[in-house]
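Subject: Model with ligand for your next look

Hi,

Here is the model we talked about. Please open it first, then read the notes below.

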Amino acid sequence: MSTIILGIESSCDDTSAAILKDGVMLSNCTANQEVHKAYGGVVPEVASRAHQINIVPVVDQAIRKAGIRKDQINAVAFTRGPGLIGSLIVGVTFAKGFALARNIPLIEVNHMQAHVLAHFVEDPKPSFPFMCLTVSGGHTQIVVVKSHLEMEVIANTIDDAAGEAFDKTGKIMGLDYPAGPVIDRLAKQGTPRFKFPEPKIDGLNFSFSGLKTSILYFLQREIKTNPNFITENMNDICASVQDRIISILLNKLKKAVKQTGIKEIAIAGGVSANSGLRQALQEHGEELGWNTYIPRFEYCTDNAAMIATTGYYKFLKGEFAGHGIKPTARYKI
Ligand code: KG4
Ligand code: ZN
């Protein structure tokens, strides 16, 4: 008999549903919430309301696109956390209702673990053990992945996440939220000629708040002599910011490779959609003899395919959740 999993993702501002049959993805549908642009960041209450509007149509679309019937679904996997509590509640409650109505098991999924397992949605898949640099709007981690469900976080950010470094510096420059993709696009036409300092943090942990402050002071200084400094140099500022964020990430990754001896290297999370980071990782990999794994764009940012995939591995191990399960805003791997 085949195993069909419905995956639900609602941790931040994207409502997503996916159908997976025996580990093969049949559909992955996402409703993005454009509404947050006007506020310069995700407004939690607005996000929860939008999830409530989107969840039924998105799940319906995923089921229709997969060409299956509701009564063929064997389990529902949902994001339990980490994320915005109001957003998580919508996905968790929907998953519980669906599982109850169909009398099928529930599977809880850690969103950060799912970002790593996005590498198992399709080929090529990394072999174990591998290291994953998970870079999103809320997290920056280096994870040693021993098996599908055995992961050890060996590095974390001590302040802002890499995605926040993009979004917050973008905000200083007057760019729309989320600024990451905008900086990525503008940086392609610029030169990284402004040199922002690299933070000196011992060990493998990351820090990005100093970078944000140094960019703020730099721009304030330049604007004093030229009020149009930002608009006149936008592409070069973006290229310089991106260049420094990438070098912070890759220098720590190189250190982690030295420390662990693991040369099977993957990247995941929203920031792994960054074209500069993707190119730099590939070049480093070729130079240093790493096998690198870079997910397709749609599996970098939040998506339910990665939730359903994680759910599938838990289903195989019989790891089900009870109906008393609650969403968790802070949920460690
Ligand atoms: O994983 P994700 O979709 O949501 C979270 O779980 O946080 O990551 C969102 C983050 C945002 O900070 C966004 O600016 C960043 O990923 N991002 C990018 C790019 N695309 C998304 N950052 C840099 N370059 C990109 N192309
Ligand atoms: Zn995410």
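Which atom of ligand 1 is 3.1 Å from an N or O atom in the side chain of Asp302? An oxygen atom of the ligand. That is a polar contact, meaning a pair of N or O atoms within 3.5 Å; within protein, one must be able to donate a hydrogen and the other to accept it, and residues adjacent in sequence count only if both atoms are side-chain atoms.

Ground rules. This is a predicted model, so local features need pLDDT of at least 70, side-chain atom pairs count only at pLDDT 80 or more, and totals for chains, interfaces and linings use all residues. Residues are numbered from 1 along each chain as its sequence is written, chains are lettered from A and ligands numbered from 1 in the order in which they are written, and side-chain values use heavy atoms, with hydrogens and water left out.

The ligand site

A nitrogen atom of ligand 1 sits 2.8 Å from an N or O atom in the Asp184 side chain. An oxygen atom of ligand 1 lies 2.8 Å from a backbone N or O atom of Gly137. On its own, ligand 1 has 550 Å² of accessible area, and the protein covers 89% of that. Areas come from the Shrake-Rupley method with a 1.4 Å probe; for residues, only the protein chains shown count as cover.

The shell has 18 residues, counted as near if one of their heavy atoms lies within 4 Å. Gly137, Asp167, Asp184, Gly270 and Asn274 come nearest. By class, five are nonpolar, 10 polar and three charged. Here Ala, Val, Leu, Ile, Met, Phe, Trp, Tyr, Cys and Pro count as nonpolar, Asp, Glu, Lys and Arg as charged, and the others, Gly among them, as polar.

Helices α3 (111-117), α4 (162-172) and α5 (179-187) each supply at least two shell residues. Ligand 1 lies between domain 1 (4-117 + 300-316) and domain 2 (124-295), because both give residues to its shell. The domain bounds come from an automatic or database assignment.

The fold

The protein has nine helices and 10 strands. These are DSSP runs numbered from the N terminus: helices are H or I with at least four residues, strands E with at least two. The C-alpha trace spans about 65 × 45 × 30 Å along its principal axes. Of the 333 residues, 54% are buried. Buried means under 20% relative accessible area, exposed over 50%, partly exposed in between (1.4 Å probe, protein chains only).

Backbone points to check

There are two cis peptide bonds to look at. One joins Gly81 and Pro82, with omega about -5 degrees. Pro82 is in the loop between β4 (75-81) and α2 (85-102). Another joins Asp123 and Pro124, with omega about 0 degrees. Pro124 lies in the loop between α3 and β6 (130-135).

Asp22 has phi near 50 degrees. Asp22 is in the loop between β2 (14-21) and β3 (24-32), and is partly exposed at 37% relative accessible area. Asn103 has phi near 55 degrees. Asn103 is in the loop between α2 and β5 (106-110), and is exposed at 69%.

Finally, Phe166 belongs to helix α4 and is buried, at 3%.

Best regards
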